[in-house]
Amino acid sequence: MTQKLTIRRPDDWHLHFRDGDIMRGVVPYTARQFARAIVMPNLSPPVTTTALAAAYRDRILAAVPEGIDFTPLMTCYLTDGTDPDDLARGGGEGVFTAAKLYPANATTNSAHGVSDVERIYPVLERMEAEGIVLCVHGEVTDDDIDVFDREAEFIARHLRPITRAFPQLRVVFEHITTSDAVDFVTGAGANVAATITPQHLHINRNAMLVGGIQPHNYCLPVAKRETHRLALRVAATCGSPKFFLGTDSAPHLRRDKESACGCAGIFNAPNALESYLAVFDQEDALDRFEGFASLHGPAFYRLPVNDETVTLERADTLVPDTLDLAGEEIVPFHAGQTLGWRMVGQAGAARA
Ligand code: DOR
Ligand code: ZN
């Protein structure tokens, strides 16, 4: 039985850092495990311009602990009024790695998102020309569409048309939750990929709704039925370069989750690698973990793979019930559970 696994240092291709004290509290967790992260722009107010993104990047860098090498990769929050020239400039200057499409009101801080996807077609055309990646929160928001069907509906109404209209645009279908999404991405061209979160590999909707409402298992898109979870596990572990790691770690304070209108989001940053690795171990796919965690993402984003390595060993990791975050309590994913892997030490030197 494999006891130790050394892989290229991974990256997190979908992450929420927030801002201020919360950001300063969560950055060290991610920087300990990952070399880079695609940082989501859904702050309040959102990160909609090159200038806002550059300033936010500086604040994140100031929160990286001494001695740790970590690079935040910034995204532009698309709105009905996005200026394609500013986006292109930000891309050219290396400030923006991607732009994020939130359908208006789909999730946390998305009120300023895009009200009608077709309205931003001129921006998507420019992104295709400039080689800027489009990250998509793929859910329709119409009241008459069941929350469990919103991802599949988004594919039919918006994602398929986008990929037809802009065949060269690189699109990341973020945090996919359904077999419909797996099938769509698998059947699309090499310019269409997806991120998969640890929570959607571990839990189905029962974890959110059985035995009382479980707010700490609530995120968006919500976990679906078991058949979908199984399809996601196959996609993540099959070795396809179209699927890669994106935690969607989304910190909300315990009191904001355990409330009459609890926030969507799961904070998984402290033990993200151990959580994913447990899945690959259960699927007998340890040899495919490096591809998913460290190789497929850089290839898609056309960035170099990381030189350093990280090592994980088979050992118990007890995930605390709660963590302190800026003097408040936050409940991490897997709270109170024991994971069978543990990251050892800091990132190591490059392999020969
Ligand atoms: O669960 C989620 N939380 N899904 C999202 O799309 C946003 C995120 C957040 O920002 O809290
Ligand atoms: Zn997210």
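Me: Are His 16 and Asp 248 buried or exposed?

Reply: Keep in mind that this is a predicted model. Buried means under 20% relative accessible area. By that cut-off His 16 is buried, and so is Asp 248.

Me: Which protein donors does the zinc ion (ligand 2) have?

Reply: For a metal site, look at the protein atoms around the ion. Here they are His 14 (NE2), His 16 (NE2) and Asp 248 (OD), lying 2.0 Å from the zinc ion. Along the chain, the spacing reads H-x1-H-x231-D. His 16 sits in the loop between strand 2 and helix 1, while Asp 248 is in the loop between strand 9 and helix 10, so the pair, 232 residues apart, links distant parts of the chain.

Me: Okay, helices next. Which residues of helix 6 are buried?

Reply: An α-helix has 3.6 residues a turn, so residues three or four places apart point the same way. In helix 6 (179–187), Ala 181, Val 182, Phe 184 and Val 185 are buried. They cover an arc of only 165 degrees around the axis, which puts them on the same side of the helix. Asp 183 and Gly 187, on the other side, are exposed. Among the elements covering the buried residues of helix 6 are helix 5, strand 8 and helix 9.

Me: How many residues of helix 12 are buried?

Reply: 11 of its 13, so helix 12 is largely enclosed by the rest of the structure. The buried ones include Phe 289, His 296 and Tyr 301.

Me: And where does helix 12 bend?

Reply: At Leu 295, by about 45 degrees, with Pro 298 following within four residues. After helix 12 comes Arg 302, whose phi is positive, near 60 degrees.

Notes:
Residues are numbered from 1 along each chain as its sequence is written. Chains are lettered from A and ligands numbered from 1 in the order in which they are written. This is a predicted model: local features need pLDDT of at least 70, side-chain atom pairs count only at pLDDT 80 or more; totals for chains, interfaces and linings use all residues. Side-chain values use heavy atoms; hydrogens and water are left out. Buried means under 20% relative accessible area, exposed over 50%, partly exposed in between (1.4 Å probe, protein chains only). Helices (H or I, at least four residues) and strands (E, at least two) are DSSP runs, numbered from the N terminus. The arc is that of the directions from the helix axis to the C-beta atoms. Contact means heavy atoms within 4.5 Å. Donors are N, O and S atoms within 2.8 Å of the metal (3.2 Å for Na, K and Ca); water is not among the atoms, so sites may look incomplete. The bend at a residue is the angle between axes fitted to the seven residues ending there and the seven starting there.
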